[in-house]
Amino acid sequence: MRLSSIASVLLLCLLVIGGRATAAEPLRALLVTGGCCHDYENQIKILQAGLGKHLKIDWTVEQYDEKRDRKANVYTNPKWAESFDVIIHNECFGGVTDGEFVESIVAEHVRSGVPAVVIHCSMHSYRNAPTADAWRGLIGVTSKRHEKAKRSLKVVAREAEHPILEGSPSPWSTPNGELYIIERSWPNTQVLASAYSDEEKADQPVVWTNTYKGVRVFGTTLGHHNETMQDDVWLNLTAKGIQWATTPDAE
């Protein structure tokens, strides 16, 4: 057999080790979800099916009841983030007041370096804890309330060249929406898109990235309604947000 043929056979063998051809390993994602005010049961299915069209993901789901003050017990396990490539927070636990518990969630992200994706009510989670700013520093924004009206939101790109917004129209009108009022963007937050608040008479960040003590974070306040989360635009930008967060050399 010629040397070139032997080399080709060896290369093929390397590519199929473990039963995989050239396909990339799936991302190991932990989805933490539950709390008040949202259809988390169906949103689990929407996220898995919708994001699965864009990315290969091996899902682990930790779902909790509708209590605002639920302290998700996944966070009490030692090194709970370590075996995952990304943690997707789609939770609404605004009634939690245990400051040490909140700090421990952030500390494990920092210790492990595992990136975070934070969706909608995750921004209002832990807001009543005395250490709420630890959580806000991680997610990249401070928000304590939303507009009273629920309506279609006109989302406008602020960093149109950013890879997360690739393929997303600007402006984009969401099917429905609940606009969060952002009181503060933290120092390393880069706002990628915003929507105008009729109540505040000012633009509000709705899509952003953050880097907190080496942890990459993608955030969006869009996602209250299932029809918005099912929209191809939302799924595309969220998939690209996950890619950004899990790719250390991404822009």
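1. The second largest cavity holds about 40 Å³ of space. A cavity here is a set of points, on a 1 Å grid over the protein atoms alone, where a 1.4 Å probe fits but cannot get out, and lining residues have an atom within 4 Å of a point. Grid points are joined across faces, edges and corners, and a volume is the space filled by probe spheres set on the points. The lining of this second largest cavity includes His 120, Glu 178, His 224 and His 225. By class it has two nonpolar, nine polar and one charged residues. Ala, Val, Leu, Ile, Met, Phe, Trp, Tyr, Cys and Pro count as nonpolar, Asp, Glu, Lys and Arg as charged, and the others, Gly among them, as polar.

2. On provenance: this is a predicted model, in which local features need pLDDT of at least 70 and side-chain atom pairs count only at pLDDT 80 or more, while totals for chains, interfaces and linings use all residues. Residues are numbered from 1 along each chain as its sequence is written, and side-chain values use heavy atoms, with hydrogens and water left out.

3. The count of cavities of 30 Å³ or more is two. The largest cavity has about 70 Å³ of space. Strand E6 (154-157) and helix H6 (232-245) are the elements that give two or more residues to its lining; helices (H or I, at least four residues) and strands (E, at least two) are DSSP runs, numbered from the N terminus. E6 supplies the largest share, three residues. The lining of the largest cavity has ten nonpolar, two polar and no charged residues.

4. Two disulfides are counted, a disulfide being a pair of cysteine sulfur atoms within 2.5 Å. One joins Cys 36 to Cys 37, with an S to S distance of 2.4 Å. This link is left-handed, with -80° about the S-S bond.

5. In the other disulfide, the sulfur atoms of Cys 92 and Cys 121 are 2.0 Å apart. Cys 92 is in strand E3 (residues 86-92) and Cys 121 in the loop between strand E4 (116-119) and helix H4 (132-139), 29 residues apart.

6. Seven of the eight residues of H4 are buried, among them Trp 135 and Arg 136. Just after H4, Gly 140 has a positive phi of about 100°.

Definitions and conventions: Buried means under 20% relative accessible area, exposed over 50%, partly exposed in between (1.4 Å probe, protein chains only). On a 1 Å grid over the protein atoms alone, a cavity is a set of points where a 1.4 Å probe fits but cannot get out, and a pocket is an open set with protein on both sides within 12 Å along at least five of seven lines; lining residues have an atom within 4 Å of a point.
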